[in-house]
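Please take a moment with the sequence and the model below, and then follow the strands, a pocket and a helix in turn.

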Amino acid sequence: MKIPCSIIKDLLPNYIDNCTSEESNVCIKDHLEECESCKALYNEMKKPLPYEQQEEIKFLKKIKKRNTNKIILAVFLTIVLCICGVLVKSFVIGSRTTDLTISDIQLKNKTITAYVYPMSAKDRIFDMKLVSEGDEQFVSYQRVLPSVFHKNNDVQPIEINIDDIEGYLLLGDFVFDKDGNVYNRKVYDLFKNRVPYVGDVSGVQKLISIAYSDIINTGYGLKLDTDKEPYSMTLTFDEEASYYDFEAMKSVANLVLASIDNCNKMTIIVGSNKFTIENSVKPKNLKELQKMVIDYKVGKEFVDYEALLKKEHVAILEEYEITLRELSSLTVKLENKDLSEKELLDLKKKIQLLSEQKEAIEERL
């Protein structure tokens with residue numbers, strides 16, 4: 001089969017540069033022996049180029065090589081910069097997060113001191129501050145990996161003044177409001193997610209997960225009775241519960257009912273145990289729901305906030321005793337007749353300040 005001249009002409013540059021296969025070489029050679037036109041073109045292409053054209057080609061090759069080197073260098077530098085950026089981000093700058101663990105909280109003189117450490121032991125923290133989302137505030141920090149810039153892995157304290165709280169400060173298991181009141185986090189979450197109608201299945205399920213997450217981890221069945229008033233609900237848990245868990249579930253049921261506006265009755269079935277709670281009390285605010293925790297003797301996972309209040313009370317008493325001792329000491333010094341007029345005046349000022357401090361402490365007690 002005769003190969004068209006157009007194909008041979010396309011193959012000639014590769015043929016001259018020895019870039020064609022043996023089969024192609026045979027075909028091209030046979031064609032050139034028969035076709036004068038293609039043979040003439042072949043001979044013309046084999047002639048050496050004029051000096052000017054050779055120099056031009058060399059120049060173009062240099063430019064191509066230079067551009068290729070520039071592209072390779074640019075790609076290399078881009079990769080290096082990306083790696084450096086990732087390292088700087090991970091070990092120096094870090095990323096801001098609110099995922100933290102609170103080891104201790106102290107409340108004294110309207111100042112909350114929280115001792116914070118990261119969720120992961122491999123992380124380091126710095127630049128702690130408050131961030132706001134709506135009427136809620138959280139402690140956030142920059143999280144980085146350990147390096148020469150951030151070696152310290154100790155628990156980091158942050159101090160927050162009650163006056164800086166704009167709505168609610170969420171701090172570990174506690175919630176503080178702008179008036180200095182302390183609430184349990186579960187109570188806050190229940191009140192925040194309360195539902196007006198028991199038929200809101202997803203809303204009721206969320207309340208149950210909040211209330212019972214620390215008591216029992218098994219699955220459950222939910223039946224909502226909304227045919228006639230009073231509306232009710234039935235919870236059936238898959239596994240048996242211990243006596244403590246069963247009693248805790250009873251008391252927590254009151255809080256679940258309090259968070260559903262039109263549901264006053266709740267039946268809980270755990271294995272062979274069954275009980276029914278009826279409660280029509282619907283708290284109007286967070287304080288009233290918190291009070292129910294004490295009134296219905298809800299389990300300790302709901303009332304840890306009392307320990308914080310007791311701790312503050314002890315701290316105030318200690319401060320009060322120190323103030324009284326100082327006041328007593330200065331009063332004795334006041335009887336010294338050898339004091340100069342200036343010393344006497346300074347002493348009276350100190351006594352006045354301590355007296356005012358004593359009155360302020362008494363108000364807090």
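**Strand E5 and its partners**

Within strand E7, Leu-169 is the bridge partner of Gln-137. This is a predicted model, and in it the pairing of E5 with E7 consists of two bridges, with the strands running parallel. Gln-137 also stands opposite Ser-132, in the contact between E5 and strand E4 (residues 124–133), where the pairing is antiparallel and extends over eight bridges. The hairpin formed by E4 and E5 has two residues between the strands, and in this hairpin Gly-134 adopts a positive phi near 65°. Strand E1 (residues 95–97) is joined to E5 as well, by three bridges in the antiparallel sense, and here Arg-96 is found opposite Gln-142 of E5. Eight of the nine residues of E5 are buried, so this strand is largely enclosed by the rest of the structure; buried here stands for a relative accessible area under 20%.

A further group of strands forms an open sheet of three, in the order E2-E3-E6, with antiparallel pairing. Because strand E2 (100–108) and strand E6 (156–161) stand at the edges and have a single partner strand each, one side of each is left without a neighbour in the sheet. From one strand to the next, the twist averages 25°. Strand E3 (residues 111–118) is joined to E6 by six antiparallel bridges, and Ile-112 stands opposite Ile-160 of E6. Val-116 also has its place in E3; its relative accessible area is 0%, which means that Val-116 is buried. Although Val-116 and Ile-102 are 14 residues apart along the chain, their C-alpha atoms are separated by 4.8 Å.

Ile-102 is also one of the residues that line the largest pocket, a list that includes Leu-100, Phe-138, Val-139, Leu-170 and Arg-185. The volume of this pocket is about 190 Å³, and E2, strand E5 (136–144) and strand E7 (168–171) each supply at least two residues of its lining. By residue class, the lining divides into seven nonpolar, two polar and two charged residues.

Finally, helix H6 (residues 201–212) has twelve residues and reaches 16 Å from its first C-alpha to its last, which is close to the 16 Å expected at 1.5 Å a residue. The buried residues in H6 are Gly-203, Val-204, Leu-207, Ile-208, Ile-210, Ala-211 and Tyr-212.

Conventions. Residues are numbered from 1 along each chain as its sequence is written. This is a predicted model: local features need pLDDT of at least 70, side-chain atom pairs count only at pLDDT 80 or more; totals for chains, interfaces and linings use all residues. Side-chain values use heavy atoms; hydrogens and water are left out. Two strands pair if DSSP finds at least two bridges between them. Helices (H or I, at least four residues) and strands (E, at least two) are DSSP runs, numbered from the N terminus. Axes are lines fitted to C-alpha atoms, for helices over the stretch in contact, and angles run from 0 to 180 degrees between N-to-C directions. On a 1 Å grid over the protein atoms alone, a cavity is a set of points where a 1.4 Å probe fits but cannot get out, and a pocket is an open set with protein on both sides within 12 Å along at least five of seven lines; lining residues have an atom within 4 Å of a point. Grid points are joined across faces, edges and corners, and a volume is the space filled by probe spheres set on the points. Ala, Val, Leu, Ile, Met, Phe, Trp, Tyr, Cys and Pro count as nonpolar, Asp, Glu, Lys and Arg as charged, and the others, Gly among them, as polar. The expected span of a helix is 1.5 Å times one less than its number of residues. Buried means under 20% relative accessible area, exposed over 50%, partly exposed in between (1.4 Å probe, protein chains only).
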